[in-house]
Amino acid sequence: MTAGSTVRAASPADPITLTPAVPARKTARRRRQPGRPAVSQRLVVGLIVLAGCIVFATPLLLVLFTSIQPETQVITNGPASLPHHFTMGNFSAAWTGGALGRYYRNSLLILVVKVPVGIVLSSLAAYPLSKMRFRGRKTILVCLLVGLGVPQVVTLYPLLELSKDVGLSGSVWILLLPYLAFGMPFEIFVMRGAFASVPEEVLEAARIDGAGEFRIWARVCMPMVLAPLASLAILDGVATWNEFVIALALLSNQSSDTLPIGISNLQGQFGVNFAQLSAGVLIAVAPMVLLFFVARRYLVRGVAAGALKG
Amino acid sequence: MTTTISLPTAPRPARRGRRRFRGRTLLAFLAPGLIVYTIFLVWPMVESLWYSFTSWSGAGPKHYVGLSNYETVFTNSTALTALRNTAIWAAVMVVVPAAIGLLLANALRGGGRWKGAVQALIYLPTVLPMIGVAVIWGWIYDPDLGFLNDFLGKVGLKSLEITWLGSTTSAIPSLMVAGVWVSVGFPMVLYLAGIQSIAPELYEAARVDGGGRWHLFRHVTLPGLRQTHAIVVALELIGALQVFAIVYAITAGGPGNSTQVLGTWMYANIFSFHRVGYGSAVGWVLAALGLAVAIPYVLWMTRDDKS
């Protein structure tokens with residue numbers, strides 16, 4: 001599937017408005033093929049999927065529709081109605097009133113440092129774990145991966161003490177090292193799977209040419225796993241952008257809050273002004289939703305490969 | 001130049017594909033990651049384990065109290081509610097999203113024009129922050145201004161309107177609906193990948209034998225997904241045990257602590273009640289459950305890896 005068709009097909013409104021015409025057409029086209037499931041069967045499955053999609057899309061459409069109409073309209077007509085009057089005012093009100101700019105800045109700062117540094121650290125560690133033989137390799141590998149099962153909440157209080165000792169309280173950078181640590185199990189999982197696909201002969205040839213292990217890692221191995229790297233960067237970026245519980249415990253003032261904490265603040269600030277709240281939520285999630293539509297193939301492939309490859 | 005160097009070394013076969021390396025090289029690769037991981041994940045775990053055996057309030061000296069915090073976890077009614085809710089949440093979040101994801105993946109198996117659109121729609125919520133999901137669903141359930149009651153009233157089902165989050169019977173199921181909503185995309189993607197790795201010849205053969213949709217699903221798809229099932233169950237379970245933001249931001253454990261889960265109950269004890277010792281014990285019950293899933297899962301995923 002091309003990126004263009006992904007973007008077009010994935011618009012949330014499409015399945016509702018366009019799908020009804022399809023099952024009939026498709027079944028008619030396919031009826032002639034022998035062994036295909038019966039028309040009625042395909043129709044039933046199609047209708048069930050369609051109904052599911054409508055239910056599924058409702059919360060998304062609700063936020064979208066609410067954010068583009070005046071608050072008074074949401075109240076008089078009720079949230080379960082299509083918008084009649086449109087305004088962009090909620091977005092500007094949420095941006096300035098909710099101080100979203102500052103949250104954006106903090107989230108971006110963490111994102112642009114955490115993701116590359118995390119991937120480099122994990123790729124470095126994954127290389128010997130995948131490509132070298134040494135005593136204790138399996139033990140280290142298992143210990144690093146088992147971090148997947150550690151709930152962040154358990155570590156919050158010690159992390160808070162630790163970061164006070166380091167003197168980073170009140171700064172968004174307090175999140176960096178915990179984020180790096182908690183990102184590592186999944187990153188190593190993915191990178192180990194990726195490195196496993198690099199043939200030994202290639203590494204051996206580079207060694208014979210006299211290249212050191214670092215050179216081989218940087219110049220031979222990494223360029224051969226660009227696709228998994230891209231997937232990993234996206235997944236890691238989404239996770240970092242959305243992280244909530246560590247930020248909730250460690251960030252101590254609004255000037256260092258990241259976007260998820262910002263959304264939580266908006267909830268307290270706007271209360272039941274759902275038009276502005278919706279606009280604020282949309283502004284906060286927009287980068288990841290855009291990334292999702294642009295790079296969905298990498299995202300989905302990364303999820304599948306990361307989880308399925310041992 | 002390449003040939004002159006490679007000639008004498010080429011005949012020596014690489015031992016089982018991997019070579020031995022000097023400790024210093026190894027250390028340089030492993031140390032940065034291991035140091036960060038140890039200080040900011042492993043060490044905090046160990047510290048909170050130590051706290052869980054004390055009556056510490058977060059300030060002053062730490063008094064060792066043995067297992068008494070754990071005794072409280074398994075006798076205190078709120079802690080037991082949190083434990084039960086976490087177990088129910090985990091069970092529902094493993095079974096329901098996996099079942100829906102599997103059925104969707106199977107329905108989309110044949111491909112077709114709508115596969116991409118449906119897949120995108122179902123997967124989209126998983127890139128939203130949990131707190132955003134919580135804000136959206138908290139509003140849907142709002143008794144007066146919420147979408148759900150408004151919708152029920154407009155379609156003539158006013159009798160079904162209830163305060164979704166206000167009663168102890170409906171609050172947890174309501175939260176679960178939100179949880180399922182964000183959790184379906186992940187198993188669907190895994191199942192789609194799993195189904196695509198099943199040899200098409202198997203489907204063709206079953207079809208030639210006159211198998212219908214159900215027959216194909218039962219005798220080709222399901223047996224081919226055994227490994228995917230294990231992965232889906234393990235990862236959904238790990239994710240479900242860590243449930244926090246949805247409960248924290250929608251009900252904050254209420255009404256009357258009826259929706260507490262281990263994560264929120266730990267957080268409340270440590271950060272609101274300053275019972276660091278007891279909260280850490282609640283947290284370690286959760287961590288033990290998480291590790292009980294993660295350790296066998298990781299050992300299984302790395303089973304081909306001999307060292």
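The legends below describe close-up views of a predicted model. Local features require pLDDT of at least 70, side-chain atom pairs count only at pLDDT 80 or more, and totals for chains, interfaces and linings use all residues, while side-chain values use heavy atoms, without hydrogens and water. Residues are numbered from 1 along each chain as its sequence is written, and chains are lettered from A and ligands numbered from 1 in the order in which they are written.

**View 1. Overall architecture of chain A.** The secondary structure of chain A consists of 17 helices and one strand (DSSP runs, with helices being H or I of at least four residues and strands E of at least two, numbered from the N terminus). Of its 310 residues, 56% count as buried (under 20% relative accessible area, with exposed meaning over 50% and partly exposed in between; 1.4 Å probe, protein chains only). The accessible surface of chain A is about 12400 Å², and carbon and sulfur atoms account for 67% of that surface (Shrake-Rupley method, 1.4 Å probe; for residues, only the protein chains shown count as cover). Among contacts between residues at least 6 apart in sequence, 74% join residues at least 24 apart (contact: heavy atoms within 4.5 Å).

**View 2. The interface of chain B and chain A.** The contact involves 106 residues from chain B and 114 residues from chain A. About 10200 Å² is buried between the two chains, 75% of it from carbon and sulfur atoms (accessible area, 1.4 Å probe, that two parts lose on being put together, summed over both). In chain B, the residues that lose the most area to chain A are B:Phe29, B:Phe40 and B:Trp139, together 9% of what that side buries. Helix 2 (residues 23–51) of chain B supplies the largest share of the side that touches chain A, namely 18 residues. That side of chain B divides into 69 nonpolar, 22 polar and 15 charged residues (Ala, Val, Leu, Ile, Met, Phe, Trp, Tyr, Cys and Pro count as nonpolar, Asp, Glu, Lys and Arg as charged, and the others, Gly among them, as polar). Zero salt bridges are found across this interface (a side-chain nitrogen of Lys or Arg within 4 Å of a carboxyl oxygen of Asp or Glu).

**View 3. The salt bridge of A:Glu200 and A:Lys131.** The side chains of A:Glu200 and A:Lys131 meet in a salt bridge at 3.5 Å, N to O. The pair links distant parts of the chain, 69 residues apart: A:Glu200 belongs to helix 11 (residues 200–208) and A:Lys131 to helix 7 (residues 100–131) of chain A. A:Glu200 counts as buried because its relative accessibility is 18%; A:Lys131 is likewise buried, at 3%.

**View 4. The salt bridge of A:Arg207 and A:Glu213.** The N to O distance between these side chains is 2.7 Å. A:Arg207 is buried, with a relative accessible area of 10%, and A:Glu213 counts as buried at 9%.

**View 5. A salt bridge within one helix of chain B.** B:Lys154 and B:Asp150 form a salt bridge at 3.0 Å, N to O. Both residues lie in helix 7 (residues 147–154) of chain B, four residues apart, about one turn of the helix. B:Lys154 is partly exposed, at 43% relative accessible area, whereas B:Asp150 is buried, at 17%.

View 6. A:Gly183 is located in helix 10 (residues 176–196) of chain A, and its relative accessibility of 13% makes it buried. A:Gly183 and A:Ile119 are 64 residues apart in sequence and 8.9 Å apart in space, C-alpha to C-alpha.
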